[in-house]
Amino acid sequence: MTILSGCQSFLDVNVDPTLKSDATVQELLSTAQLYTSEASYQQAYVAAQYAQQLGSNLGTNGTDAYYEAENASGWSNLYLYVIPQLNLIIKKGQEQNSPAYVGIAKTLLAYNLGLATSNWENIPYTQADQKNFSPAYDTQQSVYASIQKLLDEAITELVKDAGTKPGNDDMIYKGDMGKWSRLAYSLKARYAMHQSSINPQTASQTALAALQNAMTSNADDFQLQYNSKNLSPWYSRVALANSTGNLSVTYGSTFVNLMNGTVQGIVDPRLPIVVTRKNGQTTYAGVAPGSGAGSTVDFNITAWHSNINSPIVMMTYAEVKAIEAEARFLANGGSISSSGTTTDAYNAYLAIARANMQKLGVSSTNIDTYLSASVVNVGAANLTLTHIIREKYKAMFLIGDIWTDVRKYNYLDFPMPLNLNPDLNGQRIQRMKYPSSELTRNAKNAEANLKQPGVKMWLFNK
């Protein structure tokens with residue numbers, strides 16, 4: 001297997017060193033982080049189409065028309081690589097008294113479980129990685145409890161000053177335990193707010209408590225940096241392929257219309273950084289979902305997220321501020337149809353765009369102009385959840401977890417795709433499909449948990 005990542009000593013080889021029976025925690029950590037990044041890409045490729053950030057370049061009957069996607073690569077990545085390697089790091093870290101490795105591995109395991117359950121709902125976990133080829137499925141409710149437990153345990157381990165500490169083998173934070181701890185708290189807040197449909201007050205208060213110790217700036221962003229030698233999949237598999245005529249996806253009209261002034265009445269200064277146009281085009285128009293048509297834009301190799309040096313971004317400080325804004329809004333009794341604004345919620349709302357624009361390199365002048373515009377600077381008394389989620393939606397471009405928010409709020413005012421998957425009977429897509437391989441090898445358990453694509457997950461049932 002060709003290794004693609006940013007750790008030089010690890011990436012100079014073409015064989016996965018963790019295939020050795022005596023792999024070290026250093027070797028395991030690098031590959032586990034690579035596979036975690038891969039899982040994030042695999043989820044986002046599908047979820048961003050369901051969430052209408054991306055659309056199909058290939059005509060009708062695509063994923064953006066709500067046809068079921070298995071994300072089989074994401075499933076096999078999780079169960080063949082991520083969970084076994086992270087469990088092995090935890091085991092070896094405990095045996096070697098290396099709590100830093102244990103804490104990082106538990107944080108990454110919680111993150112990957114969050115990806116998986118938000119994709120498929122019920123998933124194997126407690127019986128996974130036990131040489132059991134027919135593991136039972138854990139309910140989504142129990143998976144979320146496991147995620148919070150893992151993060152609590154990770155936080156405890158990350159503050160211990162003992163044992164071997166990671167260095168360059170930690171391709172994400174280079175051994176900075178403070179950043180890992182802040183990520184763990186940030187993830188606690190993310191996965192608490194996933195459950196806000198079930199109990200808004202409990203979810204909000206849990207998230208706000210965690211946010212006291214969460215990310216504090218863009219320097220804490222959770223991402224894997226790729227480079228010109230070790231290529232980001234958004235560059236190598238999508239943008240580069242598009243440039244040679246092997247079309248797959250491009251920018252969706254829902255996303256582009258939020259950026260080009262159609263929806264908000266102001267052109268977002270991030271537009272030319274994030275979205276690229278086709279040759280000769282002077283306007284920005286995304287592909288209408290389910291149509292494969294109407295686009296003047298081209299997902300190519302010059303955009304911020306898909307150039308040769310682009311990182312895979314998994315969680316950011318901008319998202320943390322969005323979580324805070326939403327949590328404060330809901331904690332004050334607000335909902336999608338009623339006000340719950342506070343001054344703190346409003347300040348956090350404004351910080352979403354500021355943080356993301358700073359990350360993308362927007363000038364201070366353009367940031368201030370955008371944030372002072374009347375359609376953005378609506379005043380604390382007029383803040384709505386729609387304002388918050390729209391800014392979060394833009395800031396989380398190609399971070400697949402945004403599909404959770406889109407589903408949680410019933411797809412907001414998003415258009416229904418053209419040529420809609422007839423199996424949905426007019427409903428919105430709610431889940432990915434269990435892979436065919438799982439339905440074959442673990443048929444009894446998979447079929448017992450299989451649901452129709454338009455059936456809402458436990459997570460979104462009030």
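This is a predicted model: local features need pLDDT of at least 70, side-chain atom pairs count only at pLDDT 80 or more; totals for chains, interfaces and linings use all residues.

Student: Which side chain does Asp220 meet in a salt bridge?

Tutor: That's Arg182, at 2.9 Å from N to O. Arg182 sits in helix α6 and Asp220 in the loop between α7 and β2 (222-224), so the pair links distant parts of the chain, 38 residues apart. Arg182 itself is partly exposed, at 23% relative accessibility.

Student: How many salt bridges turn up in the whole structure?

Tutor: A search finds 23. One of them joins Asp152 and Lys188, with the closest N and O atoms 2.9 Å apart. Asp152 is in helix α5 and Lys188 in helix α6, so this pair ties together parts 36 residues apart in sequence.

Student: Is Lys188 buried or exposed?

Tutor: Buried, with a relative accessible area of 12%. Asp152 is partly exposed, at 39%.

Student: Switching topic: how do α6 and α7 pack?

Tutor: Their axes are 8 Å apart, at an angle of about 170°. Anything over 145 degrees counts as roughly antiparallel, so α6 and α7 are roughly antiparallel to each other.

Student: Which residues meet there?

Tutor: On the α6 side, Lys188 again, along with Tyr185, Ala189, Ala192 and Met193. They meet α7 residues including Ala203, Thr206 and Leu211.

Note on methods: Residues are numbered from 1 along each chain as its sequence is written. Side-chain values use heavy atoms; hydrogens and water are left out. Axes are lines fitted to C-alpha atoms, for helices over the stretch in contact, and angles run from 0 to 180 degrees between N-to-C directions. Helices (H or I, at least four residues) and strands (E, at least two) are DSSP runs, numbered from the N terminus. Angles under 35 degrees count as roughly parallel, over 145 as roughly antiparallel, 65 to 115 as roughly perpendicular and the rest as oblique. Contact means heavy atoms within 4.5 Å. A salt bridge is a side-chain nitrogen of Lys or Arg within 4 Å of a carboxyl oxygen of Asp or Glu. Buried means under 20% relative accessible area, exposed over 50%, partly exposed in between (1.4 Å probe, protein chains only).
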